[in-house]
Structures are given as structure tokens and as C-alpha cells.
Amino acid sequence: MLERSGIIKLAGAALLAMTLTAAARAEPALPPEVASLLARAKLPADALSAVLLETRPGRAPLLAWRAEVPVNPASTLKLVTTYAALDRLGPDFRWQTRVYSDGPVRDGVLQGDLYLQGGGDPKLVSEKLWLLLRRVQGLGIRRITGDIWLDRSAFALPETDPGAFDSEPLKPYNAAPDALLINYRSQVFGFMPDTEAGVARVTLEPPLAGVEPPASVPLEASRADEACGDWRGALRADFSDPLRPRFAGRYRAACGAREWPIAHPEPARLAARAVAGMWQSLGGQLDGQVREGRVPPQASLRLSFESPPLAEVVRETNKYSNNVMAQQIFLTLGQAGHDGTPTGLAEARQALEDWWRDKLGPGTRLPEVGNGSGLGREVRLSASALARLLQQAWNSGLMPDLAASLPVSGVDGTLRRSALDAGQAHLKTGSLRDVQALAGYVHGANGQRLVLVAIVNHPEARAAKPALEALVRWAAQRQP
């Protein structure tokens with residue numbers, strides 16, 4: 001059985017190598033409309049790398065334009081990370097956040113310390129933290145005489161500057177991963193107009209101990225048909241003091257209820273503030289403090305809190321291009337086979353490279369994966385390699401999970417406002433200052449399914465969006 005499996009794998013790798021060689025030789029001309037739209041946007045044709053394949057393997061590409069050139073794929077790299085996780089960990093894999101204590105519980109009082117040990121759960125959001133601490137109270141614990149300790153040791157990561165990528169440290173997409181990642185390391189301000197009082201009520205999720213936003217901001221009256229406009233700018237927010245966020249402007253009534261997520265200005269302290277704030281909001285008492293430290297050997301496991309299944313996490317990661325969730329998944333790949341020892345980027349990259357060789361053969365160029373999310377200037381991947389991986393995924397048992405995670409054109413995720421026909425394609429998008437990319441599956445004529453990867457690298461890459469949409473339409477209209 002093992003010999004037969006090995007023969008099949010070698011045969012598949014040989015077939016892939018032959019097809020890649022054919023793709024490298026062929027440089028079919030770009031569709032005229034695509035070429036015209038690139039020219040109109042003043043973009044050179046060699047700014048684009050594109051591959052169009054049938055989902056059936058072994059056939060020559062329908063389009064291979066600069067297919068083998070390593071380019072920056074932006075967030076389409078998430079397809080590599082998430083497919084690898086589905087394949088290595090399984091769609092039903094679940095992260096565990098474990099709760100320990102080192103003392104007895106008598107009459108609702110834990111006489112000792114409580115420990116929360118993070119396992120890398122990407123979805124420990126505000127409502128999940130609430131549920132976790134409610135379950136702690138379900139153990140009969142209402143008061144803790146000692147401290148609450150946060151064990152974040154599952155990941156071995158240095159502290160990073162959240163503004164290093166683009167000088168936007170408060171943007172949620174710049175949040176760094178954490179073994180005990182709470183609410184994506186972000187805080188969410190809510191604004192609810194109260195027209196009778198002439199104010200908008202302000203809320204904060206999760207509740208953060210010591211952080212005191214204003215209870216309300218003045219309301220700016222507006223007509224029912226008036227556009228909301230730049231409501232965030234109108235608030236004139238000041239987040240320079242992490243404990244005292246302020247809004248010097250007004251909130252526009254025409255905007256209705258809105259939410260504004262920002263990365264916490266002191267990311268390393270968000271977990272402690274969130275746990276303390278949520279415990280207090282639940283009526284819990286804490287005699288000590290929330291601290292950081294490892295679970296000691298003498299502590300007893302009290303409960304294990306499960307994340308949603310990986311397939312569900314992958315859907316949110318890809319549909320909304322969540323960078324920190326992708327990084328959590330990437331680091332979790334590195335944990336496999338490490339017997340609980342802390343893992344970092346080096347282990348994650350090695351695990352992904354091993355998987356990549358197994359899937360695409362030893363002769364395939366390995367991508368520069370950075371942190372696994374595509375958020376980086378150094379990331380490199382060829383359109384041909386990504387297309388072959390997507391073709392392989394389509395013919396695997398994981399196709400339903402991966403395909404369902406991709407935004408649907410004109411329907412949801414990052415393609416909800418797409419100009420493409422509704423349901424015409426399932427495509428992961430990628431966007432950086434100098435990158436525009438699409439990768440996934442196009443639904444062609446007569447039910448045909450095609451793999452499409454299109455990546456533009458250029459300082460004016462955003463101007464390529466109409467050309468990319470035209471390429472999708474051209475692919476969808478091809479006759480089998």
C-alpha cells in the first residue's frame with residue numbers, strides 16, 4: 001500500500017513538472033480587453049502575472065502570462081496557509097484555551113490563583129471571553145483570593161512594532177498574533193444615536209479595566225436622506241492616551257448605529273485589561289491582579305474551552321482577509337510535532353515548506369511566506385505555483401471547505417461590492433499599496449470550473465482593478 005502511494009505521488013509530481021514546463025514555454029497573449037484596460041490605466045502588461053487552468057489536472061494552461069515570475073501575492077497567500085492547515089490539521093481541528101487553579105473552592109471562593117492558558121485560538125473574541133469566564137463561574141468560583149495568570153507561552157514571538165509595516169499602528173490588520181489572542185487584539189467602539197437626548201451613546205467591547213471612554217458624544221442632526229459621509233473623521237478621535245480615548249467632534253445621526261474597531265494602543269496589555277474588565281462586568285471579585293506567567297506544575301486543570309472548528313475559522317479568515325487570524329493558523333502549523341514546546345515563525349515556515357514540497361513536488365519553487373498572512377513586502381509566490389495548488393485543492397477531499405471560504409463575487413466578504421456578476425466566481429482578494437490580486441475559482445460556461453490567479457505588482461496597482469475584473473469575465477465566458 002505504501003509502495004503504491006509512493007508511485008502515485010511520484011507520478012503526480014512528474015505530471016505536474018511536465019505541465020509547469022509547458023506553461024513556462026507558453027506565453028499566450030492577454031485577452032484584448034484586459035490589455036486595453038491595463039494600457040488605459042497606464043500600467044505595463046508586464047505588471048500582471050496571470051494563469052487560467054481547467055480544474056482537471058494534466059492539461060495545458062488556457063492562459064499563462066508571466067506565470068513563473070515570483071511576485072508579491074498580498075493576501076492571496078492566505079490560500080496557501082489555510083489550505084495547508086485544512087490538510088495537516090483537519091477541518092474539525094479546534095484550539096483549546098485551558099483553565100487551571102492551584103487552590104480549593106469553598107463557598108464560591110477560589111482560595112488561590114486562576115490560570116488561563118492560551119492555545120492560539122484565533123476566535124477568542126469578546127463574546128467568547130464572556131462565555132469562558134461564565135464557565136469559570138459555573139465551577140462555583142465567584143471570588144478569587146489570589147491572581148489571574150495569563151499563560152501566553154505557546155507561541156515564542158518577540159514584541160513587534162505594530163506600525164512598522166505602514167505607520168498605522170491602530171489599524172486592526174496590523175495586530176500581532178498571540179497565544180492568548182483576545183478580540184483580535186482590538187477594541188471596538190460602538191455608537192448608537194439617541195435623538196431625544198441629542199447624543200450618540202458610546203460603548204466599548206470588550207470592557208477593558210482602566211479604560212474609560214466617554215459615555216456619549218454630541219449628535220449632529222441630519223436629514224433622513226443625507227449620506228453618512230466620513231463619520232470617523234467627524235468624531236475627531238484622540239487615542240493617544242490608551243486609558244482615556246476621546247472624541248472632540250460630533251456623531252452624525254444619518255449614520256445610524258456604527259462600530260469602529262481599532263487595535264489597542266498598548267497591545268501587550270489588552271489581554272490583561274480585557275480579562276479583568278470582563279470578570280468585573282460579570283460580577284466576579286478579584287483580590288489580586290491579572291498577571292502574566294506560566295501554569296505551575298501543581299495547578300489542576302479545571303476546564304478546556306474549545307474554539308470553533310478550523311473550517312469555520314478558515315472561512316472568516318479568507319472571506320474577510322483577517323491577517324491576525326491567518327498568522328494564528330500559520331503558527332499553529334508549526335506546533336504540530338513539537339510536543340507542546342513554544343513555536344515561532346521559524347517552525348511555522350519549516351512546517352509549511354515541508355507540506356509545500358509534499359503537495360507540489362521537490363522541484364517547485366518554494367514561496368517566501370513571511371508571517372503567513374501576505375502582509376509583507378518580502379513575500380513572493382509565482383502565479384503558476386498558486387494556480388497548481390488551487391487545482392490540486394479542487395481535486396482533493398478538502399475542496400468544499402476551501403472553496404466555501406472564498407468571497408463570492410457580488411455576494412459576501414471582500415467581494416461584496418464587486419462589479420462582477422453575483423456568484424460568478426469564488427475568489428480570494430489581495431491588496432497592498434502596490435499589489436492587486438485575485439485567486440480562486442471562476443464559474444464558466446455550461447458549468448465549467450476554472451482556476452484563476454491574477455496578480456499585479458506596480459506602484460499604481462490599484463488602477464488595475466477594472467482589468468482584473470475583465471479577466472474574470474473573459475474566463476467565465478470561455479466555451480469549454
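**Chat notes: helices, sheets and cores**

Q: Leaving aside neighbours within four places in sequence, what is W130 in contact with?
A: With those neighbours left out, W130 is in contact with M278 and L282. Contact here means heavy atoms within 4.5 Å.

Q: What kind of model is this, and what pLDDT do local features need?
A: This is a predicted model, where local features need pLDDT of at least 70 and side-chain atom pairs count only at pLDDT 80 or more, while totals for chains, interfaces and linings use all residues. Residues are numbered from 1 along each chain as its sequence is written, and side-chain values use heavy atoms, with hydrogens and water left out.

Q: Back to W130. Which helix is W130 in?
A: W130 lies in α4, residues 126-138. Helices are DSSP runs of H or I with at least four residues, strands are E runs of at least two, and both are numbered from the N terminus.

Q: Why does W130 count as partly exposed?
A: Because its relative accessibility is 40%. The cut-offs are under 20% relative accessible area for buried and over 50% for exposed, with partly exposed in between (1.4 Å probe, protein chains only).

Q: How far apart are the C-alpha atoms of W130 and W279?
A: They are separated by 8.1 Å, although W130 and W279 are 149 residues apart along the chain.

Q: What does α4 lie across?
A: It lies across β4, β7 and β19, and runs at about 150° to β19. For angles, axes are lines fitted to C-alpha atoms (for helices, over the stretch in contact), and values run from 0 to 180 degrees between N-to-C directions.

Q: What's the strand order in the sheet with β4, β7 and β19?
A: The order is β18-β9-β7-β4-β19, an open sheet of five strands with mixed pairing. Two strands pair if DSSP finds at least two bridges between them. Strands β18 (290-292) and β19 each have a single partner strand, so one side of each is left without a neighbour in the sheet. On average, neighbouring strands are turned by 25° against each other, direction ignored.

Q: How many bridges join β4 to β7?
A: Four, with β4 and β7 (114-117) running antiparallel. Y100 has Y115 in β7 as its bridge partner. On the β19 side, β4 pairs with residues 300-306 over six bridges, also in the antiparallel sense, and R98 stands opposite S304.

Q: Is β4 mostly covered or mostly exposed?
A: Mostly covered: five of the six residues of β4 (96-101) are buried.

Q: And β9 with β18, parallel or antiparallel?
A: Parallel, with three bridges between β9 (148-151) and β18. I148 is bridged to V290 there. Helix α6 (267-281) also packs on this sheet, touching β7, β9 and β18, and its direction makes about 140° with that of β9.

Q: Switching topic to the cores. In the largest nonpolar core, which residues touch the most other members?
A: V80, L390 and Y441, out of 61 residues in that core. Helix α10 (383-394) gives the most to this core, with eight residues. A nonpolar core is a set of buried Ala, Val, Leu, Ile, Met, Phe, Trp, Tyr and Cys residues joined through side-chain atoms within 4.5 Å. There is also a second, separate core of 43 residues that includes L204, V211, A271 and V275.

Q: At what angle do α3 and α10 pack?
A: About 35°, with their axes 11 Å apart. L79, V80 and Y83 of α3 meet L386, L389, L390, Q392 and A393 of α10.

Q: Who does V80 contact, neighbours within four places aside?
A: V80 is in contact with L352, W355, W356, L381, L386 and L389.

Q: Last one, α7. How many of its residues are buried?
A: Seven of the 10 residues in α7 (310-319) are buried: L310, A311, V313, V314, T317, N318 and K319. Those buried residues pack against α3 (78-89), α8 (323-335), α11 (399-404) and β21 (425-432).
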